[in-house]
Amino acid sequence: MKNLLLENVEYKIETTSFGVWRRFLYPNGAYFAEFKSTVTFFGLPLLHYTHGKCPETGRRIIAKGVVAIGRLATGILAIGHASFGVIAIGQLGLGLLLGLGQGATGLYAIGQVAVGLMFGLGQIATGEIAIGQVAYGKYVLAQSGYGD
């Protein structure tokens with residue numbers, strides 16, 4: 001089998017009124033897709049979506065946008081396995097305001113491990129108000145907790 005990283009990549013490019021799709025189907029059936037909206041906000045696309053590994057680099061592209069959706073995502077609203085943003089939703093949700101996921105951080109955090117500053121809800125939780133099996137904070141509701 002040829003090394004596709006050494007070849008010119010011929011994407012299927014589809015332009016819509018909202019943005020541009022870039023797609024590629026590998027010979028083994030794996031699929032790569034990327035969508036970027038043409039509307040921008042402070043230089044970031046309004047919506048950026050990624051799926052699969054980029055055929056040019058062999059790596060995943062980080063979705064960066066106001067709304068970012070992909071395995072790796074960063075934006076104001078970030079949705080992905082590992083996400084970072086003002087509001088982050090994913091297995092690892094590192095949010096500034098809200099984190100939602102198995103591992104979550106933020107001012108408010110909800111997840112299995114929730115590290116929140118104001119509020120944490122999860123099996124292991126921290127925050128001024130913390131609710132969980134194991135919790136640490138000022139006001140705590142837990143099986144095993146440390147707080148007032």
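Predicted model: local features only at pLDDT ≥ 70, side-chain atom pairs only at ≥ 80, totals over all residues.
Student: OK, secondary structure next. How many helices and strands are there?
Tutor: The count is 0 helices and 13 strands. The radius of gyration is 20 Å, well over the 15 Å from the globule rule for 148 residues, so the protein is more spread out than a compact globule.

Student: What does the C-alpha trace span along its principal axes?
Tutor: About 65 × 35 × 20 Å.

Student: Which strands form the open sheet, and in what order?
Tutor: There are 11 strands in it, running β1-β2-β3-β6-β7-β8-β9-β10-β11-β12-β13, with mixed pairing. At the edges are β1 (12-15) and β13 (124-146), each of which pairs on one side only. From one strand to the next, the twist averages 15 degrees.

Student: In what sense do β9 and β10 pair, parallel or antiparallel?
Tutor: Parallel: β9 (residues 82-89) and β10 (residues 92-100) pair that way over 7 bridges. Within β10, G99 is the bridge partner of A88.

Student: What about contacts between residues 24 or more positions apart?
Tutor: Those account for 7% of the contacts with a separation of 6 or more.

Student: Switching to side chains: how many salt bridges does the structure hold?
Tutor: It holds 3. R22, E34 and E56 are linked in a network of them.

Student: Nice, where do E34 and R22 sit, and how far apart are their closest N and O atoms?
Tutor: The closest N and O atoms of E34 and R22 are 2.6 Å apart. E34 counts as buried because its relative accessibility is 8%, and the cut-off for buried is under 20%.

Student: And the link from R22 to E56?
Tutor: There the closest N and O atoms are 3.4 Å apart. E56 lies in the loop between β6 (47-51) and β7 (63-69), 34 residues from R22. E56 is partly exposed, at 45% relative accessible area.

Student: Which residue does R23 meet in a salt bridge?
Tutor: R23 meets E14, at 2.9 Å from N to O. R23 is partly exposed at 21% relative accessibility, and E14 is partly exposed at 33%.

Methods: Residues numbered from 1 in each chain as written. Heavy atoms only, no water. Pairing = 2+ DSSP bridges. Helix = DSSP H or I, 4+ residues; strand = E, 2+ residues; numbered from the N terminus. Axes fitted to C-alpha atoms, helices over the stretch in contact; angles between N-to-C directions. Rg over C-alpha atoms; globule rule 2.2 N^0.38 Å. Contact = heavy atoms within 4.5 Å. Salt bridge = Lys/Arg side-chain N within 4 Å of Asp/Glu carboxyl O. Buried < 20%, exposed > 50% of the residue type's maximum accessible area, 1.4 Å probe, protein only.
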